Amino acid sequence: MALYSDVIRERFRRPRFRGTLEAPDAVFEDVNPLCGDRIRVECRVADGRIADARFTGDSCAIAAAAADVLIELALGRTVEGAHALGVPDVLERLEADIRPARMKCVALPIDVLHGALDGKEVAR
Amino acid sequence: MNMGDATRADFPILTRIVNGYPLVYLDSAASSQKPASVIEAISGFYEQQNANVHRSIHTLGEEATERYEAARDSVRAFIGARARPEVIFTRGTTEGVNVVARAMAPTLRPGDEVLVTEMEHHSNLIPWQMICRERGARLVAVPVRDGVSLELADVERLLSERTRIAAFAHISNVLGTINPVARMTELAHDAGALVLVDGAQAVPHLALDVAALGADFYVFSGHKMLGPTGIGVLYGRRDVLERLEPAWGGSEMIKEVWIDHAQWNDLPWRFEPGTPPIAEAVGLHAAIEYLDKLGMTRVTAHEQELTALCLDALAAIPGVTVYGPRNPEMKGAVVAFNVAGLHPHDGAALLDQRGIAIRAGHHCAQPLMKRLGISGTLRASFSVYTTAADVERLASAVGALANEL
């Protein structure tokens, strides 16, 4: 498997869920202490399900691709179901050989989504 | 023959194949590689002389003590300190800054100021933030002008009778900017402040004369100057060190101990509690001998050539932005750059696939990144063993990066 898989390249070049929402219900952003990258996730929740979600952030290709597939996985799930999504789910979709040093890039969007669903305050 | 071509064979690690390519190691500013003489000095010490120092009344202990103190003498001569008590061994630059900050802390009063610069490595920023917060003192930062350098006028303007200590890098670990540290020291002294210079990026690359420079403290690490990890140096002016209370206690740093008090040892041991990094000191001694044999003036000239070559090669690549001074004579052996549309970590990972090791990210200088308006950079850095061919392989790989993601 390649470090930068076709999925990562494609999602980095043409993300499907990069952007912001009007009047989101849940918002969180956080920083990857390794590199200082910041990812922000916004969600709209309706009837206990993730009705819509978007991400923004200045990040590496791995974190951006991870955020993009994560949102795709989360859409339509219940809040609990989205909360249950973890690194293995995203890794499976990325089809890439992510080295230990870059695993935080995959985990960051997941932690941020969880933070949004938990109603965490953004640190400044 | 060029210095890099002549010295390469002395560095065993440079024969490694990484991801199918011969290693191009361009991350010496983070940690340099070690010549065989350093590796052999350390293993030779462990094989033949290892024992604790100073109070061992047996042959090995005496030999270990001799080797340890001989290392101190070699550092003293290498940096131009006047006397042996001015050379304190630490675990590295970070510890050196912390030892001074902790010793200064009890003397700070609310309203006092500590002057730093926006280009500091976190190691020369966080310890000052911590003692300022603790003591109600204020941290003041000299701005980085045009993303490149410090202005003496700013230093002069921000110093005052409230400034207790000014702490700044000799050479920026990102921009490579060589700061006018002698003049900055004079200005700080005129204002009545003490001065600490972070020399982590300078000592491996230029001839140093700390006595002539005049700073009260000068700190650096062994592992960036061909020596081992786990050892560094805190140089301190003897009269200043005599006035400071040690912040850390333990064995070695005392002369006589009663149950409720103790008398401190003489300098430099007063600031070296516990068993010191003995084998590491022996390794550092070997590194200094290696650098001395090359001659630091020649080392500087060699690295300036590489810096010039790298600046020219990278600037010629479309989409590449280079940070810091463009004049190699104003610059240490480090070139920070970005490739348009490419995150630094992706750039470094792609270069690693071609066997090229360079640094990427904020380089522990987040305030500087914020000032530059970027999240990070790629950074190539050089040492005595770096060759023009290394720089050319980097440039050719960087040229191909834009199409890789």
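Analyst: Start with B:Asn265, which sits in the loop between strand S12 (262-264) and helix H10 (278-294) of chain B. Keep in mind that this is a predicted model.

Is B:Asn265 buried or exposed? Its relative accessible area is 15%. The cut-off for buried is under 20%. So B:Asn265 counts as buried.

What does B:Asn265 touch, once its neighbours within four places in sequence are left aside? The list is B:Glu252, B:Met253, B:Ile254, B:Lys255 and B:Arg270. Look at B:Glu252 in particular. Its backbone oxygen lies 2.9 Å from a polar atom of the B:Asn265 side chain. Here the backbone of B:Glu252 faces a side chain of B:Asn265.

Now move to the aromatic rings. Over all chains, the count is five aromatic pairs. One of them joins B:Tyr68 and B:Phe89. Their ring centres are 5.2 Å apart, and the planes make an angle of 45 degrees, which is a tilted arrangement. This pair links distant parts of the chain. B:Tyr68 belongs to helix H3 (residues 59-79) of chain B, while B:Phe89 belongs to strand S4 (residues 87-90) of chain B. The two are 21 residues apart. Both B:Tyr68 and B:Phe89 are buried.

Compare the pair B:Tyr218 and B:Phe220. This one is edge-to-face, with 6.3 Å from centre to centre and 65 degrees between the planes. B:Tyr218 has a relative accessible area of 0%, so it is buried. B:Phe220 is buried too, at 2%. There is also an aromatic cluster, made up of B:Phe11, B:Tyr290 and B:Tyr385.

Next come the charged side chains. The count over all chains is 35 salt bridges. In chain A, look at A:Glu72 and A:Arg11. They form a salt bridge whose closest N and O atoms are 2.6 Å apart. A:Glu72 lies in helix H2 of chain A and A:Arg11 in helix H1 of chain A, and 61 residues separate them. How accessible is each partner? A:Glu72 is partly exposed, at 25% relative accessibility. A:Arg11 is buried, at 6%. The pair also belongs to a network of salt bridges, which links A:Arg11, A:Arg16, A:Asp68, A:Glu72 and A:Arg93.

The side chains of B:Arg164 and B:Asp112 meet in a salt bridge, with 3.0 Å from N to O. B:Arg164 is in strand S7 (residues 163-169) of chain B, and B:Asp112 is in the loop between helix H4 (93-104) and strand S5 (113-117) of chain B, so the bridge ties together parts that are 52 residues apart in sequence. B:Arg164 is partly exposed, with a relative accessible area of 22%. B:Asp112 is buried, at 7% relative accessibility.

Then take B:Arg162 and B:Glu113. Their salt bridge has its closest N and O atoms 3.1 Å apart. B:Arg162 lies in the loop between helix H6 (152-158) and S7 of chain B, and B:Glu113 lies in strand S5 of chain B, so this pair ties together parts 49 residues apart in sequence. B:Arg162 counts as partly exposed, at 38% relative accessibility. B:Glu113 is buried, with a relative accessible area of 3%.

Finally, step out to where the two chains meet. Two salt bridges are counted between chain A and chain B. One of them joins the side chains of A:Arg99 and B:Asp352, at 3.4 Å from N to O.

Conventions. Residues are numbered from 1 along each chain as its sequence is written. Chains are lettered from A and ligands numbered from 1 in the order in which they are written. This is a predicted model: local features need pLDDT of at least 70, side-chain atom pairs count only at pLDDT 80 or more; totals for chains, interfaces and linings use all residues. Side-chain values use heavy atoms; hydrogens and water are left out. A salt bridge is a side-chain nitrogen of Lys or Arg within 4 Å of a carboxyl oxygen of Asp or Glu. Rings of Phe, Tyr and Trp (its six-membered ring) pair if their centres lie within 6.5 Å; planes under 30 degrees apart count as stacked, over 60 as edge-to-face and the rest as tilted. Helices (H or I, at least four residues) and strands (E, at least two) are DSSP runs, numbered from the N terminus. Buried means under 20% relative accessible area, exposed over 50%, partly exposed in between (1.4 Å probe, protein chains only). A polar contact is a pair of N or O atoms within 3.5 Å; within protein, one must be able to donate a hydrogen and the other to accept it, and residues adjacent in sequence count only if both atoms are side-chain atoms. Contact means heavy atoms within 4.5 Å.
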